[in-house]
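Thank you all for making the time this morning.

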Amino acid sequence: RVLRARLADAQFFFDEDRKKSLEEHREKLKTVVFQQGLGTMYEKSERLVKLAEFIAAELNADEKTVKHAKRAALLCKADLVTGMVTEFTELQGIMGREYAKLDGECEKVAIAIDEHYMPRFAGDAQPKSEAGRIVSLADKIDTIVGTFSRGKIPTGSQDPFALRRQALGLVNMLIEAKYTLKLSKVVARAMELYGITDAKAQEKMQADVADFMRLRLKNVLETVRYDVVDAVLSDVDDLYAVSLRAEAVAAFVSDAKAEANIQAFVRTANLAKKAETAKVDAELFTTAEEKDLYKVYTVAASSVASLVAAHNYAGAIAALTELSAPINAFFDGVMVMDKDESIKNNRLGLLRLIDELVRKAADFTKIVL
C-alpha cells in the first residue's frame, strides 16, 4: 500500500512537471534563494553560463562542447523547482537529465545536467563528459567563491555548505581529467561575476581559495611522502601540475644519487633569501666559477621552461641536476659576500635566479634527507 501510494505521488508530480518544459520551470528559480546575500538560484544559473563559457575557453574546448556546456549550465538548476525533486530531493540532476531528454535537448546536454552534481558523496564517480566536467567545475567554484565572500570558510567540523566535499571533488576531477587550468584565473572570473571589485578583497579571496585547495590536495596526495608533498604545495595554481610534480619529485628523492643534488639546491636557496632582486649583470662576474655557473644556468633555464610547459617534471628535474656540480664549484671558489656591494648583489642575484628556477619543480628545502 505504501509503495503504491508513493508511486502514485510520483506519477502525479511527473505529469504536473511535464506540463512545462525544463526551461519554463527555470523561471521559478527567481523565487528560490541560493544563499543569503548571494541572490537567487536563477542568478546563480546565469553566472554558471558565463563561468562555464570561461572555463571551456581556458581548456580550449571545441565549439560543440562550449555550446553543450552553456546550455547545460542554463538548465542545470531548473529541476530544483519541479514537483518531483521537491518531493524526492535525491533525484536532483537525475530528473533534470530525464526532463531535458523528454524536451528534446541534446543527449550531451542532458547528461551534463546530471553530471554537474558529481561527485555527490565520498567515493562517488566523477563526471565523464567534457561538458559535465565544465559545468561541475563552474558550479563548485561559484559556490566556493560565493560562500567565502560571506566569510563562511569551513572551520573545524563545521561545513554546512559541504565546501570540503566540493573542493575535493574539484581537485580529483582536474587530476583525473588531466586538465591544465589556472585556479587563480577561474576564481578571478567568479569574483567578477559576483561583483567583487575591491583589490584587498580579491587578494584575500585568492589566498583563501588557494589555501583551501592546498589542504584538499594534501588529502589527495596522502600516499606520497609528506616532505615531498610539502615541497610541491607552495604553488597550487595548476592542481593537475602539482600532482605530476609530486610524482616526479617522489621518484627523484628515492634515488640514492639525489642527496648531493638536493644539498646543492638547499645551499643555493639559503643564500638566495638574502638577494634583493634576481637581476644579474654578466659584466660584473670576476671569477671563472660564477661565469660557468651562469652559463650552465642559461642552458638549464631554457630546457626547464620547455619541459615544464610539457608537464615533463622528471625531465625538468634531470635538467636541474646539471646545475649541481657548477653550484658546488661556485661555493668552493667564490666569496659570495664580497666587500664590493655591486659584486655581492650580483652573486646573490645569480643564486636567486637559480633558486627560482629550481622551485619550478619543487622547494627542496622541505625534503628531509
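This is a predicted model: local features need pLDDT of at least 70, side-chain atom pairs count only at pLDDT 80 or more; totals for chains, interfaces and linings use all residues.

Residues are numbered from 1 along each chain as its sequence is written, and side-chain values use heavy atoms, with hydrogens and water left out.

The chain holds 18 helices and zero strands, where helices (H or I, at least four residues) and strands (E, at least two) are DSSP runs numbered from the N terminus. Along the principal axes, its C-alpha trace spans about 90 × 45 × 40 Å. The radius of gyration is 26 Å, whereas a compact globule of 369 residues would have one near 21 Å; that radius is taken over C-alpha atoms, and the globule rule is 2.2 Å times the number of residues to the power 0.38.

Of the 369 residues, 49% are buried, and here buried means under 20% relative accessible area, exposed over 50%, and partly exposed in between, with a 1.4 Å probe and protein chains only. Among contacts with a separation of 6 or more, 69% join residues 24 or more positions apart, a contact being heavy atoms within 4.5 Å.

Let me now turn to T86, which sits in helix α5, residues 83–87. Is this residue buried or exposed? T86 is exposed, because its relative accessible area is 54%. Its side chain reaches the backbone oxygen of T82 at 2.7 Å, and, leaving aside neighbours within four places in sequence, T86 is in contact with L80 and V81. The C-alpha atom of T86 lies 69 Å from that of N328, which is 242 residues away along the chain.

Helix α16, residues 313–320, has six of its eight residues buried, so this helix is largely enclosed by the rest of the structure. The buried ones are Y313, G315, A316, I317, A319 and L320. Which elements cover them? The cover includes α13 (239–253), α14 (258–272), α15 (288–309), α17 (324–333) and α18 (341–358).

How values were computed: A polar contact is a pair of N or O atoms within 3.5 Å; within protein, one must be able to donate a hydrogen and the other to accept it, and residues adjacent in sequence count only if both atoms are side-chain atoms.
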